[in-house]
Amino acid sequence: MKLNQTVAVIRTYCNPDILKQVRALRKFLPLIIVVVKNDQDNGSTRAWLDELNDPAVRAIEMDTGYTWSNALNRSLSEIDQINAKREHDDRMSYKAVFNVSVEAQFLKEDVEAMLAELNETNVGAVGTSFRGIQEGNEISLGRSYRHPRNTGMIVRLSAFEQRFTRDFDSWCDDQGGMEDIDFIYRLRVFAGLATRMVDRRVRLFV
């Protein structure tokens, strides 16, 4: 996997920091999809993104049914459509999706290190360690961050082709989240794909 084969997906609403995050990621990624909870956002995110005037930044505004999992699944459908058109035009399709939080400060080198792990044939998803920052102080993020999280996780798109790994389970949204951990366990059991962690200690503002 390469940087130019990777699509970033960000879930957000009513957060002006989205502009800073998109600008940072566009320095090294070819396409960014921003999925917005529009019934609360009321067009704010689109207005911020319009400042960029960048066709490689796409906003999907969900008026109903927005949850963390549904937002990710909606982005996967969008990527499928984009890839279908690219293949029709004899252009290279995207191979990986990079789910990332507005608050996670990834550098190009961090994403490259994750993609290097994803290039192993039996690896379906790669996460990273984070360094939690709160009011200028480093804090513990807890045990759940020992696994790949959608705070910053790269998944090979082919991993979603299996029957039992084709999406993130919205049931998790009603149970306090962890749709990412549910997914990586299904990835291992049903698709036979491993997950990896890299120790990049990416700054995460909480």
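Nine aromatic pairs are counted in this predicted model. One of them joins tyrosine 13 and tyrosine 66, whose ring centres lie 6.2 Å apart with the planes at 85°, so the pair is edge-to-face. This pair links distant parts of the chain, since tyrosine 13 sits in the loop between β1 (6–12) and α1 (18–26) and tyrosine 66 in the loop between β3 (57–62) and α4, 53 residues apart. Tyrosine 13 is partly exposed at 30% relative accessibility, whereas tyrosine 66, at 11%, counts as buried.

A tilted pair is formed by phenylalanine 168 and phenylalanine 183, with 4.8 Å from centre to centre and 40° between the planes. Because phenylalanine 168 belongs to the loop between β8 and α6 while phenylalanine 183 lies in helix α6, the pair ties together parts that are 15 residues apart in sequence. Both phenylalanine 168 and phenylalanine 183 are buried. Elsewhere, Phe98, Phe106, Phe130 and Tyr145 form one aromatic cluster.

Serine 69 itself lies in helix α4 (residues 68–88).

On the surface, Phe164, Val189 and Phe190 form a nonpolar patch with about 310 Å² of accessible area together; phenylalanine 164 is found in the loop between β8 (152–156) and α6 (179–191).

A search of the whole structure finds zero disulfides. The accessibility of two cysteines is listed with that of two residues discussed above.

| Residue | Relative accessibility | Class |
|---|---|---|
| Serine 69 | 0% | buried |
| Phenylalanine 164 | 41% | partly exposed |
| Cysteine 14 | 42% | partly exposed |
| Cysteine 172 | 3% | buried |

Methods
Residues numbered from 1 in each chain as written. Predicted model: local features only at pLDDT ≥ 70, side-chain atom pairs only at ≥ 80, totals over all residues. Heavy atoms only, no water. Helix = DSSP H or I, 4+ residues; strand = E, 2+ residues; numbered from the N terminus. Buried < 20%, exposed > 50% of the residue type's maximum accessible area, 1.4 Å probe, protein only. Patch = residues over 30% accessible without salt bridge, like charges linked within 9 Å, V, L, I, M, F, W, Y side chains within 5 Å. Areas by Shrake-Rupley, 256 points an atom, 1.4 Å probe, with all protein chains shown as cover. Salt bridge = Lys/Arg side-chain N within 4 Å of Asp/Glu carboxyl O. Disulfide = S-S within 2.5 Å. Phe/Tyr/Trp six-rings, centres within 6.5 Å; stacked < 30°, edge-to-face > 60°.
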